[in-house]
Amino acid sequence: MSGGSAKPKRGKAAPASLQYEHGRRAEARRKKREFACLGAMVIMLSALALILPMALADETWGDKVWGDLAPAWPGGAYAFAGTVGALVPVSLAALIAPLSRMNWKKSKVRSAAWAAAGVPGFALGWVVTVTIFATFRPKHTRDWDADCYSEGKACWVHVHYPWLWAVGLLGTLVTAALMIAVAARLANRTEAPAT
């Protein structure tokens with residue numbers, strides 16, 4: 001007769017070697033957490049290192065770009081906006097194409113070279129982003145002070161060129177469509193001899 005009140009037998013303690021291994025695993029987890037915190041700090045500092053120069057560049061030469069360079073561009077400010085819009089997918093492709101070829105497990109040197117090849121695309125994207133952000137008006141109209149309407153500033157740009165955003169967006173979409181069409185055609189050409 002088996003009763004439910006009997007105490008279950010206690011299992012044997014793990015050998016010392018397994019206990020040591022468990023301690024190692026805990027130490028490895030702790031180190032992993034430390035590296036994750038370090039990685040998060042590096043990402044935050046990198047983001048700050050990118051955003052701060054963008055804000056400073058916007059203040060120093062953002063108004064000169066839209067006040068002086070854009071009107072003097074061949075075709076005027078709308079052609080300049082179309083050019084800036086067209087550079088958005090170009091800069092993304094120039095950044096993504098080399099980075100997609102990186103394979104750190106195969107070759108660290110080759111991967112580092114591909115990462116370095118992505119730097120010009122990153123730099124172009126950074127300049128294009130600063131140029132676009134120079135046209136962003138403050139969110140609330142009460143913040144549109146006299147400085148916002150000075151030559152080349154965001155409010156001045158929107159008063160003088162009200163359809164700037166549409167031309168820039170059109171330039172982005174047309175260029176992206178052309179790049180996709182060219183990439184598809186090249187992919188079809190490379191697949192055709194293989195089949």
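Predicted model: local features only at pLDDT ≥ 70, side-chain atom pairs only at ≥ 80, totals over all residues.

Colleague: What share of the 195 residues is buried?

Modeller: Buried residues account for 21% of the 195. The protein chain exposes about 14600 Å², with 68% of that supplied by carbon and sulfur atoms.

Colleague: Why is Ser 91 called buried?

Modeller: Its relative accessibility is 5%. Buried means under 20%. So Ser 91 counts as buried.

Colleague: Where is Ser 91, and which residues is it in contact with beyond its neighbours within four places in sequence?

Modeller: Ser 91 sits in helix H2. Beyond those neighbours, Ser 91 is in contact with Gly 121, Leu 124 and Gly 125.

Colleague: What makes the approach of the Ser 91 side chain to Val 88 a polar contact?

Modeller: A polar atom of the Ser 91 side chain lies 2.9 Å from the backbone oxygen of Val 88. The cut-off is 3.5 Å. The distance falls within it.

Colleague: How do you know whether Thr 131 is buried or exposed?

Modeller: Thr 131 has 7% relative accessibility. The limit for buried is under 20%, so Thr 131 is buried. This residue belongs to helix H4, residues 119-133.

Colleague: Which residues does Thr 131 touch, not counting those up to four places away in sequence?

Modeller: Thr 131 touches Trp 61, Val 65, Trp 66, Phe 80 and Val 84. Take Trp 66: it is 65 residues from Thr 131 in sequence, yet the two are 8.2 Å apart, C-alpha to C-alpha. The side chain of Thr 131 also has a polar atom 2.8 Å from the backbone oxygen of Val 127.

Colleague: How many aromatic pairs are there?

Modeller: The count is six. One of them joins Tyr 78 and Tyr 161.

Colleague: Why is the pair of Tyr 78 and Tyr 161 called edge-to-face?

Modeller: Two values decide it. The ring centres are 5.8 Å apart, and the limit for a pair is within 6.5 Å. The planes stand at 85°, and edge-to-face needs over 60 degrees. So the pair is edge-to-face.

Colleague: What does that pair tie together?

Modeller: Tyr 78 lies in helix H2, residues 76-100. Tyr 161 lies in the loop between helix H5 (154-160) and helix H6 (164-194). The pair therefore ties together parts that are 83 residues apart in sequence. Tyr 78 is partly exposed at 29% relative accessible area, whereas Tyr 161 is buried at 15%.

Colleague: What makes Phe 133 and Phe 136 an edge-to-face pair?

Modeller: Their ring centres are 5.1 Å apart and their planes meet at 65°. The angle is over 60 degrees, so the pair is edge-to-face.

Colleague: Which residues do ring pairs link into a cluster?

Modeller: Trp 66, Trp 73 and Phe 80.

Colleague: Which residues make the nonpolar surface patch?

Modeller: Leu 45, Leu 48, Leu 52 and Leu 56 make a patch of about 420 Å². Leu 48 is in helix H1, residues 16-72.

Note on methods
Residues numbered from 1 in each chain as written. Heavy atoms only, no water. Patch = residues over 30% accessible without salt bridge, like charges linked within 9 Å, V, L, I, M, F, W, Y side chains within 5 Å. Areas by Shrake-Rupley, 256 points an atom, 1.4 Å probe, with all protein chains shown as cover. Salt bridge = Lys/Arg side-chain N within 4 Å of Asp/Glu carboxyl O. Helix = DSSP H or I, 4+ residues; strand = E, 2+ residues; numbered from the N terminus. Phe/Tyr/Trp six-rings, centres within 6.5 Å; stacked < 30°, edge-to-face > 60°. Buried < 20%, exposed > 50% of the residue type's maximum accessible area, 1.4 Å probe, protein only. Polar contact = N/O pair within 3.5 Å; in protein donor to acceptor, adjacent residues only side chain to side chain. Contact = heavy atoms within 4.5 Å.
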